[in-house]
Amino acid sequence: MLAMTITLTMYEDWELWAEANPNSLQKPKPEPFEIVREMPKQLGKGYARLIEVYPHFWLMIVDYKYRDDILIKIPEWDHPLQFLVYLSGRITDEYGGQLGEGYTCISGSGVQRQMTTQLLKTRYVGIDFDMPPELLATFFPDEAGEIPHQLRLLAKGNDWQTLLYPETTTAIQGIAQQIINCPYEGMTKRMYLQGKVLELMALQLAPILSAQNGTQPSPRLKADTISRIHYAREILSARLENPPSLLELAQIVGVSDRNLRRGFKEMFGTTVFGYLTNIRMEQAEQLLRSGKLSVAEVANLSGYSQQGHFAAAFKRKFGITPRECLSGKRSILPS
């Protein structure tokens, strides 16, 4: 029998889960702070267990198996801060991101790009927790009680979100397994999980914080790799309106997507899409100052389908709004 691939939008996927669990809030629960939802039969079998470990902080434990390969089309939307660790199964996206089989994921808050993710006909076991980014200031406050500057990349507001894929370590696997197999009940269970999710967050964030503090040496790049990454930058500069995905770009220049991500960060001090956003903003400023195009036209040429997201990114870059730039006001921030 040939394998089938089912394509759904993100909202269609949510609707299927809602239809399969119409009374999930009223069903008897294992705990007063816990909800169990069954996987829609059209998709496969298994469950997702949701636990409110803190107010507005939901931990989800999944154990399910898809009947077919699944493609989920995700639109631009306002994404919460999310940490994910999968012990089995793999999720990939068109930009080269991978969750599972060696990688975890930190999906920052902000505007998630339109993308398609692929889930395979296999068993998925893992954990996923969502929270408002403001809770970073509660869990890891700086001296002023705010989100530490090292973690502000995870709270982007109306700008494009940050996506990170820390490697799965033995320690991360161990904590994830302890969360899934929590031996306690009642309030003890909630207290136990509170400690474990913070421990898991710390383990996932550790390599990012270490890299920011310069405690991890950058891998040396071969001369051939350096020239290929320069070529990748040239391609991005030439295709601002319709850039290739990260995976496509890596294939064009002849390096792995992992080496492209690492090399780009080392050579240019930013991510591939951070560079793309930066150069788009610089082009947008030039177009606005020419006075020949409207803000909406410049936003569209810069790859933004929503003016609000374009305006937020522009103001973050230059300290003024696109309309202020169009009217002749100068930037108040260094570019």
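Let's start with the aromatic cluster in this predicted model: Tyr54, Phe57, Phe83, Phe129, Phe139 and Phe140 together form one such group.

Now step back to the aromatic pairs in general. The structure holds 19 of them. Take Trp14 and Trp77: their ring centres are 5.6 Å apart and their planes stand at 80 degrees, so this pair counts as edge-to-face. Trp14 comes from helix α1 (residues 10-20), while Trp77 comes from strand β6 (residues 77-79), so here the pair ties together parts 63 residues apart in sequence. How exposed are the two partners? Trp14 is partly exposed, with a relative accessible area of 42%. Trp77, on the other hand, is buried, at 18% relative accessible area, because anything under 20% counts as buried.

Finally, head out to the surface. There you'll find a patch of positive charge where Lys41, Lys45, Lys65, Arg67 and Lys121 gather. If you want a way in, pick Lys41, which sits in the loop between β2 (34-38) and β3 (44-54). Its relative accessible area is 63%, so Lys41 is exposed, given that the cut-off for exposed is over 50%.

Definitions and conventions. Residues numbered from 1 in each chain as written. Predicted model: local features only at pLDDT ≥ 70, side-chain atom pairs only at ≥ 80, totals over all residues. Heavy atoms only, no water. Patch = residues over 30% accessible without salt bridge, like charges linked within 9 Å, V, L, I, M, F, W, Y side chains within 5 Å. Areas by Shrake-Rupley, 256 points an atom, 1.4 Å probe, with all protein chains shown as cover. Salt bridge = Lys/Arg side-chain N within 4 Å of Asp/Glu carboxyl O. Lys, Arg positive; Asp, Glu negative; His and termini not counted. Charge placed at Lys NZ, Arg CZ, Asp CG, Glu CD. Helix = DSSP H or I, 4+ residues; strand = E, 2+ residues; numbered from the N terminus. Buried < 20%, exposed > 50% of the residue type's maximum accessible area, 1.4 Å probe, protein only. Phe/Tyr/Trp six-rings, centres within 6.5 Å; stacked < 30°, edge-to-face > 60°.
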